[in-house]
Amino acid sequence: MAYKPDHETSRNIFFTTVFTAVYVFCSIWFGLIHIASHRYENIGYIEIVFASILLINGIFLLLSKALRPAKIIFFTAVGFLLIYILFFGNSVSESLSVITIHPYIAYLVYVLLSIISIHVFFYESYSEKLFKKHLMKKVTTEVTPELTQKIRELEVAQTTMSKLLKELNSERAKDGAILSSIGEGVIATDDTGKIIFINPKAETMLGVRLIQVMNKPIDSVYTELNDKQVILTPEERPVWKTLHSGKSVSDGTIMYATSDKKQFPVFTSVSPIILNGKTIGAINVFRDITHEKDVDRMKTEFISLASHQLRTPLAAIKWFLQILQDGDVGNLTDEQRDIVMNIYQSNERMIDLVNSLLNVSRIESGRIIIEPTETDITQLVQGIITELQPKLTEKKIRLTFQPAADLPIIIVDKQLIRQVYLNLLTNAIKYTPDGGTITITLSKNDTNFISEVADSGYGIPEKDKEKVFSKFYRGENIAKFDTDGNGLGLYLIKEIIDASDGTISYTSVENQGTTFTFTIPLSGMQAKKGEVTLT
Amino acid sequence: MAKVLVAEDDKYLANAYRVKLTKSGFEILLVANGEELLMQLEQFNPDIILLDLMMPKVDGFVVLQTLRETDQWKNIPIIITSNLGQKEDIEKGMQMGATDYIVKSNTSIDDIVAKIQANIKPQ
């Protein structure tokens with residue numbers, strides 16, 4: 001136990017040193033010189049005893065906790081004298097022989113000193129024990145109940161802390177195991193886009209190791225491409241969008257490209273890491289959707305194949321019904337004619353549905369050819385209006401066409417744009433009661449070509465807002481009037497508009513009317529290589 | 001009576017052709033594939049050919065090309081029929097020398113008759 005020597009101990013050390021010094025001196029004086037003067041002759045018992053005592057005292061001194069200086073003095077002195085005596089013995093003994101004391105007195109003094117030195121040795125270790133005991137006594141007698149209580153509380157706190165630390169480590173290990181087992185790729189970044197964590201799945205998918213990419217910006221680890229195979233700029237990447245907006249971003253149209261030339265489609269969800277209201281980072285959870293895309297493609301191919309196969313029997317039914325209606329195999333009674341008409345109409349609906357399904361599957365497969373050519377939209381729309389005139393007349397619907405005067409020629413795929421106007425107009429006619437009105441407006445602003453088709457029809461229910469452009473959606477309110485529609489028209493239009501980088505929206509009041517508005521960028525549609533066109 | 005050579009592998013459609021075209025006053029010969037068509041061509045000596053593009057054994061396009069490469073038949077009106085309706089197929093067919101194109105499920109049989117009447121050239 002290291003202790004700071006207090007006053008008492010310093011005093012002890014002082015006396016120890018003094019005794020040691022005196023002892024050393026006397027030992028040398030009486031002892032060694034005595035031996036030296038007799039040299040190696042007449043070494044009697046006294047001399048042997050004396051020498052032994054000297055040796056033992058030396059050992060005690062060495063073992064004692066006397067200050068090192070004392071020990072050093074002792075052994076240095078012994079050493080010097082031994083050398084002196086051995087080499088210059090005679091002269092020393094002669095010079096020192098004058099100072100002689102009666103041998104017995106010398107021996108007595110010597111024994112006394114020995115006793116003292118032994119005592120010193122024991123005293124020191126004893127005094128140390130005393131000191132500790134003294135200290136402890138001092139401490140325990142002065143300990144108050146509060147202090148004891150505090151000590152006990154500290155002990156409890158320490159035990160709790162160790163337990164907590166153990167639990168914490170165990171939880172950390174568990175969390176680590178959980179994160180490592182997640183089957184999707186997880187990358188966490190700080191607010192500057194540097195990677196702070198990446199899980200094993202992400203390591204595998206991106207072909208990197210955590211050590212390699214830690215603290216590197218994500219932009220340097222992998223690039224992202226859109227569905228047109230164009231590399232995204234940093235601002236377009238979901239992680240950056242999230243970091244800047246503090247909002248979650250999901251995207252299923254992106255492909256990741258790694259440094260080892262691997263490319264794969266992903267579905268990614270990026271969420272902000274928010275602490276105290278600030279976005280301090282982002283977490284990107286992504287999975288490889290190659291399989292899903294394959295399945296999608298197979299579904300589309302299947303629909304396409306089935307649709308083609310369906311068309312043949314549909315054509316047969318159509319033709320035979322026409323043969324019946326035309327009276328080629330005998331005249332029909334009115335009733336029979338009526339029945340045949342019903343079959344014919346139903347069949348036409350099926351043909352329409354198959355055509356729509358084919359178009360949908362072609363668009364979804366991404367295989368649609370987009371062949372933009374210079375188009376005069378006004379002319380195109382006029383052509384469609386003329387085509388649909390019989391239906392307009394039949395339902396006595398008044399149509400107003402208001403193309404702006406300064407509309408430019410715009411570069412779009414005629415067939416696709418035609419489909420959009422055709423669907424919108426057909427819907428307008430279908431879902432407007434007899435005697436209603438339809439207005440078509442064409443205009444432009446700085447960036448877009450704007451088209452509006454407004455009708456005075458049944459309208460679209462407010463609650464269907466989210467579903468209107470989805471596949472097979474049919475408003476409840478018109479389903480009872482008209483069962484002909486297949487619900488694919490608006491879906492198709494939206495896909496075409498999306499592919500043209502345009503927008504489409506509508507406003508509607510039930511039983512008053514609906515207005516569809518869509519835009520196409522004045523810069524036109526992008527050409528796209530493909531394999532099929534709309535039917 | 002004008003003669004129409006119809007190549008159509010679906011038996012129901014073939015039947016419809018037969019009823020309608022006969023009623024419309026044509027003499028009709030039905031063949032089920034391209035091979036048969038080429039075999040019957042000489043003997044039947046049609047005024048117009050209705051050619052299905054999707055037939056077994058010999059592709060409709062191949063037949064079309066073969067016909068156009070033969071002196072005797074390079075000018076005969078050929079209406080190609082299909083259920084595909086692909087712009088590319090239409091263009092390809094027209095480029096190869098077809099006279100007209102119809103998508104079967106989208107065309108009424110009356111319109112087909114009208115087309116035949118419009119294009120027929122007594123050989």
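Reader: How many salt bridges does the rule find across the interface of chain A and chain B?

Author: The model is a predicted one. A salt bridge requires a side-chain nitrogen of Lys or Arg within 4 Å of a carboxyl oxygen of Asp or Glu. In K20(B) and D326(A), the closest N and O atoms are 2.6 Å apart, and these residues form a salt bridge. Across the interface of chain A and chain B, the number found by the rule is two.

Reader: Which three residues supply 31% of the area that chain A buries against chain B?

Author: The contact draws 24 residues from chain A and 24 residues from chain B. Between the two chains about 2000 Å² is buried, and carbon and sulfur atoms give 56% of that area. On the side of chain A, the three residues that supply 31%, more than any other three, are R311(A), W319(A) and D328(A).

Reader: Are helices α2(B) and α3(B) roughly parallel or roughly antiparallel to each other?

Author: Helix α2 of chain B spans residues 34-44 and helix α3 of chain B spans residues 60-69; their axes come within 10 Å and cross at roughly 25°. Angles under 35 degrees count as roughly parallel. The two helices, α2(B) and α3(B), are therefore roughly parallel.

Reader: How many residues of the contact of α2(B) with α3(B) are nonpolar?

Author: From α2(B), the contact is made by G34(B), L37(B), L38(B) and L41(B). From α3(B), V63(B), T66(B) and L67(B) take part. Of the residues in this contact, no charged ones are present, two are polar, and the number of nonpolar ones is five.

Technical notes: Residues are numbered from 1 along each chain as its sequence is written. Chains are lettered from A and ligands numbered from 1 in the order in which they are written. This is a predicted model: local features need pLDDT of at least 70, side-chain atom pairs count only at pLDDT 80 or more; totals for chains, interfaces and linings use all residues. Side-chain values use heavy atoms; hydrogens and water are left out. Axes are lines fitted to C-alpha atoms, for helices over the stretch in contact, and angles run from 0 to 180 degrees between N-to-C directions. Helices (H or I, at least four residues) and strands (E, at least two) are DSSP runs, numbered from the N terminus. Angles under 35 degrees count as roughly parallel, over 145 as roughly antiparallel, 65 to 115 as roughly perpendicular and the rest as oblique. Contact means heavy atoms within 4.5 Å. Ala, Val, Leu, Ile, Met, Phe, Trp, Tyr, Cys and Pro count as nonpolar, Asp, Glu, Lys and Arg as charged, and the others, Gly among them, as polar. Buried area is the accessible area (1.4 Å probe) that two parts lose on being put together, summed over both.
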